[in-house]
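Welcome, and thanks for taking a look at this one. Please have the sequence and the 3D view open side by side as you read.

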Amino acid sequence: METAEKSQETVSNETPKLAGTVNWGTATVIGVFAGMLYGGSKEAAASVSKDAEVMLKLGSTPDKREQYRLMRDAMEKRFIRVTRGSIVGGVRLGMFTAAFYGLQNLLAEKRGIHDVFNIVGAGSATAATFGVILPGSLRWRVRNVLLGSVMGAAFCFPLGWIQLKLIEKANKENPDSGTMGEGKSGVGAAIERLEGNLKAE
């Protein structure tokens with residue numbers, strides 16, 4: 001009996017999630033998979049010209065063993081290129097997505113409000129950070145940082161405004177889902193009903 005009372009007394013130290021903020025982990029996983037898909041398909045499309053070269057070599061080689069070896073080597077190289085493209089694309093887009101949504105959620109938590117300026121700040125800072133990572137001289141990197149911060153803000157302002165308007169519209173159509181902390185899932189509601197029934201008995 002005492003353990004049940006102690007478990008009810010524990011208080012969560014987590015801050016409530018603001019309405020409209022994106023789940024960082026989910027966005028990162030989606031970014032990784034989208035980057036893998038893009039990188040792999042890009043490399044697969046680029047390897048079509050290399051396949052044509054292999055076909056020319058096959059036509060000029062009468063030996064069946066040599067043809068088999070050429071085909072096997074071409075398929076192995078294509079597989080390695082597509083795999084490498086998928087991994088690199090997934091890492092790049094995943095890192096960008098994680099940085100962007102992490103900064104956006106951090107700004108929303110520190111400012112206590114989720115508005116378009118969080119999205120603009122996160123986009124500008126993320127694009128500037130990735131401008132530093134690009135190869136080149138110090139002068140080139142400074143240029144990339146400045147250009148990245150301006151372009152990040154320019155792209156994120158209209159996109160953030162559209163996102164917030166869509167969230168407002170969704171909250172007007174479904175007023176119960178406006179507060180993130182009070183919304184209960186079907187499982188949570190079923191558990192509460194079961195607890196209520198047990199306490200009543």
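This is a predicted model: local features need pLDDT of at least 70, side-chain atom pairs count only at pLDDT 80 or more; totals for chains, interfaces and linings use all residues.

The protein chain has seven helices and zero strands.

**Overall fold**
- Along the sequence, the protein chain reads α-α-α-α-α-α-α.
- The protein chain holds 201 residues, and 23% of them count as buried.
- Among the contacts in the protein chain with a separation of 6 or more, 67% come from residues 24 or more positions apart.

**Helix 4 and helix 5**
- Helix 4 spans residues 64-111 and helix 5 spans residues 116-133; their axes come within 8 Å and cross at roughly 140°.
- That angle makes helix 4 oblique to helix 5, and the crossing is right-handed.
- On the helix 4 side, the residues in contact include Met95, Phe96, Phe100, Leu103 and Leu107, along with Arg92 and Arg111.
- On the helix 5 side, they include Phe117, Ile119, Gly121, Gly123 and Phe130.
- Sorted by class, this contact has 13 nonpolar, five polar and two charged residues.

**Ser41**
- Ser41 sits in helix 2, which covers residues 24-46.
- Ser41 is partly exposed, because its relative accessible area is 42%, a value between the 20% and 50% cut-offs.
- A polar atom of the Ser41 side chain lies 3.0 Å from the backbone oxygen of Tyr38.
- Ser41 and Gly85 are 44 residues apart along the chain, and their C-alpha atoms are separated by 8.1 Å.

Conventions:
Residues are numbered from 1 along each chain as its sequence is written. Side-chain values use heavy atoms; hydrogens and water are left out. Axes are lines fitted to C-alpha atoms, for helices over the stretch in contact, and angles run from 0 to 180 degrees between N-to-C directions. Helices (H or I, at least four residues) and strands (E, at least two) are DSSP runs, numbered from the N terminus. Angles under 35 degrees count as roughly parallel, over 145 as roughly antiparallel, 65 to 115 as roughly perpendicular and the rest as oblique. A crossing is left-handed if the near helix is turned anticlockwise from the far one by less than a right angle, and right-handed if clockwise. Contact means heavy atoms within 4.5 Å. Ala, Val, Leu, Ile, Met, Phe, Trp, Tyr, Cys and Pro count as nonpolar, Asp, Glu, Lys and Arg as charged, and the others, Gly among them, as polar. Buried means under 20% relative accessible area, exposed over 50%, partly exposed in between (1.4 Å probe, protein chains only). A polar contact is a pair of N or O atoms within 3.5 Å; within protein, one must be able to donate a hydrogen and the other to accept it, and residues adjacent in sequence count only if both atoms are side-chain atoms.
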